[in-house]
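Visitor: I would be grateful for a close look at a single part of this structure, namely the side-chain contacts that join its segments. Please also describe what surrounds them.

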Amino acid sequence: MKLIKTTEAAGHVLCHDITRIIKDVVKDTAFRKGHIVTEEDIPELLKLGKDHLYVWEKDETMLHEDEAAEILRDICLNDHMKASSPKEGKIELSATCDGLFQIDIARLAAVNEIEEIMIASRHTNTAVKAGDKLLGTRIIPLVIAKEKMERVKNTAGNEPLARIVPYQIKKAGIITTGNEVFYGRIQDTFTPVVMEKLKKFGIETSEHITLNDDKEKISNAILELKAKGVDLITVTGGMSVDPDDQTPGAIKMSGAHIVTYGAPVLPGAMFLLAYFDDGTPVCGLPGCVMYNRTTIFDIVLPRLAAGVTMSKKDFACMGNGGFCLGCPTCTFPNCGYGKGTPL
């Protein structure tokens with residue numbers, strides 16, 4: 001491309017979009033890439049503050065910003081996503097289904113380290129709905145060397161940087177523990193909260209058992225729900241170190257393998273996650289899930305709903321961003337809570 005005076009641009013082809021911005025009124029594209037400038041356009045271009053323009057000169061070693069954005073699109077695009085058309089050199093991806101959005105942070109950073117390249121995404125492990133925007137891509141200049149875009153493709157590798165994992169879990173079983181609930185001393189206010197959280201991810205509570213604080217009975221109930229084919233088992237209460245709290249021991253007794261008992265997250269430090277050999281997850285839910293609006297369970301549930309197996313390291317990384325500020329108006333998930341960066 002070459003730089004020319006706008007007053008001399010008639011007959012030349014624009015190589016970039018030109019945006020019109022009127023505060024609080026409009027932001028749109030006044031002239032699009034590829035437009036052939038006419039004499040009538042020149043006063044309008046000058047009004048937009050364009051005393052000079054870049055016009056296209058074909059060079060076989062260079063790519064236009066829209067062509068480069070398409071390459072960046074392709075290294076990110078995966079199943080359950082759709083791409084926008086290029087606009088002002090930018091392409092955005094959005095979700096075509098509900099699910100868990102994940103992006104390979106290491107490869108994303110490696111691509112963004114290349115000069116003149118940018119890909120900006122949502123946080124990884126974010127729950128998304130169909131239609132939600134996922135990421136945006138563009139190059140910084142108007143044109144870029146083909147060789148550099150080849151380096152981008154080699155750095156990204158053969159697999160897309162991003163993916164959406166559709167929710168897979170359909171049925172859950174809840175075991176409500178506690179002598180105070182079992183013997184009718186207080187009303188069970190815990191189970192309705194858990195059922196409502198599960199429902200947001202399309203998970204039906206197909207089984208519910210209420211028990212007193214008896215480790216063997218709780219363990220047998222876990223195995224009963226497992227035999228009935230539920231996809232997720234949650235055990236509410238009994239998660240502290242009080243002598244009457246039997247849930248962690250009961251989960252261990254059931255044969256499920258404990259990934260973590262405890263997490264660097266507040267509220268939610270006493271959370272437990274275990275898996276049976278076939279991958280069925282078992283969650284021990286501390287009392288905070290009942291009375292705090294947002295807790296560790298809200299951070300973990302999208303991954304469980306998508307069938308993504310979690311490790312001890314996943315929980316260790318939650319310490320960064322794992323402290324809820326208890327804002328008067330909660331904006332979760334549109335806040336920093338639970339946005340720890342995986343190692």
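This is a predicted model: local features need pLDDT of at least 70, side-chain atom pairs count only at pLDDT 80 or more; totals for chains, interfaces and linings use all residues.

Guide: A search of the whole structure finds 3 aromatic pairs.

Across the whole structure, a search finds 16 salt bridges. In one of them, Asp-298 meets Lys-197 at 2.8 Å, taken from N to O. This pair too links distant parts of the chain, since Asp-298 is in helix α10 (residues 296–305) and Lys-197 is in helix α6, 101 residues apart. Asp-298 and Lys-197 are both buried.

A further salt bridge joins Lys-226 to Asp-278, and their closest N and O atoms are 2.8 Å apart. Here the link runs from helix α7 (residues 215–227), which holds Lys-226, to the loop between β18 (272–275) and β19 (281–285), which holds Asp-278; the two are 52 residues apart. Lys-226 has a second contact, as its charged end sits over the ring of Phe-276, 5.6 Å from the centre of that ring. With a relative accessible area of 23%, Lys-226 is partly exposed.

Glu-147 and Arg-151 form a salt bridge, with 3.9 Å from N to O. They are 4 residues apart in helix α4 (residues 146–156), and therefore about one helical turn separates them. As a general rule, an α-helix has 3.6 residues a turn, so residues three or four places apart point the same way. Glu-147 is exposed, with a relative accessible area of 53%, while Arg-151 is partly exposed at 38%. Salt bridges may also join into a network, and Lys-90, Glu-92 and Lys-133 are linked in this manner.

Several residues of α2 are buried, among them Glu-65, Asp-66, Ala-68 and Ile-71. Leu-72, Ile-75 and Cys-76 are also buried.

The loop between α2 and β6 (81–83) contains His-80. The phi angle of His-80 is positive, near 65 degrees, although His-80 is not a glycine. His-80 is partly exposed, at 34% relative accessibility. Glu-116, in the loop between α3 (105–112) and β9 (117–121), likewise has a positive phi, of about 75 degrees, without being a glycine. The relative accessibility of Glu-116 is 32%, and this residue counts as partly exposed. For context, most residues other than glycine have a negative phi, and most peptide bonds are trans.

The bond from Leu-266 to Pro-267 is cis, with omega near 0 degrees, and Pro-267 is in the loop between β17 and β18. The bond from Phe-332 to Pro-333 is also cis, with omega near 10 degrees, and Pro-333 is in the segment after α11.

The surface deserves a final remark. Val-241, Ile-258, Tyr-261 and Met-270 make a nonpolar surface patch of about 360 Å². Of these residues, Ile-258 is in strand β17 (residues 257–261), and its relative accessible area of 37% makes it partly exposed. Ser-240 lies in the loop between β16 (232–236) and α8 (247–253) and is partly exposed, with a relative accessible area of 27%. Ser-240 and Ala-269 are 29 residues apart along the chain, and their C-alpha atoms are separated by 9.8 Å. Between Ser-240 and Ala-316, which are 76 residues apart in sequence, the C-alpha distance is 20 Å. Ala-316 is in helix α11 (residues 312–316) and is exposed, with a relative accessible area of 53%.

Note on methods. Residues are numbered from 1 along each chain as its sequence is written. Side-chain values use heavy atoms; hydrogens and water are left out. Rings of Phe, Tyr and Trp (its six-membered ring) pair if their centres lie within 6.5 Å; planes under 30 degrees apart count as stacked, over 60 as edge-to-face and the rest as tilted. A charge sits over a ring if NZ of Lys or CZ of Arg is within 6 Å of the ring centre and within 35 degrees of the ring normal. Buried means under 20% relative accessible area, exposed over 50%, partly exposed in between (1.4 Å probe, protein chains only). A salt bridge is a side-chain nitrogen of Lys or Arg within 4 Å of a carboxyl oxygen of Asp or Glu. Patches are made of residues with over 30% relative accessible area and no salt bridge: like charges are joined within 9 Å, nonpolar side chains (Val, Leu, Ile, Met, Phe, Trp, Tyr) within 5 Å. Accessible areas come from the Shrake-Rupley method with a 1.4 Å probe; for residues, only the protein chains shown count as cover.
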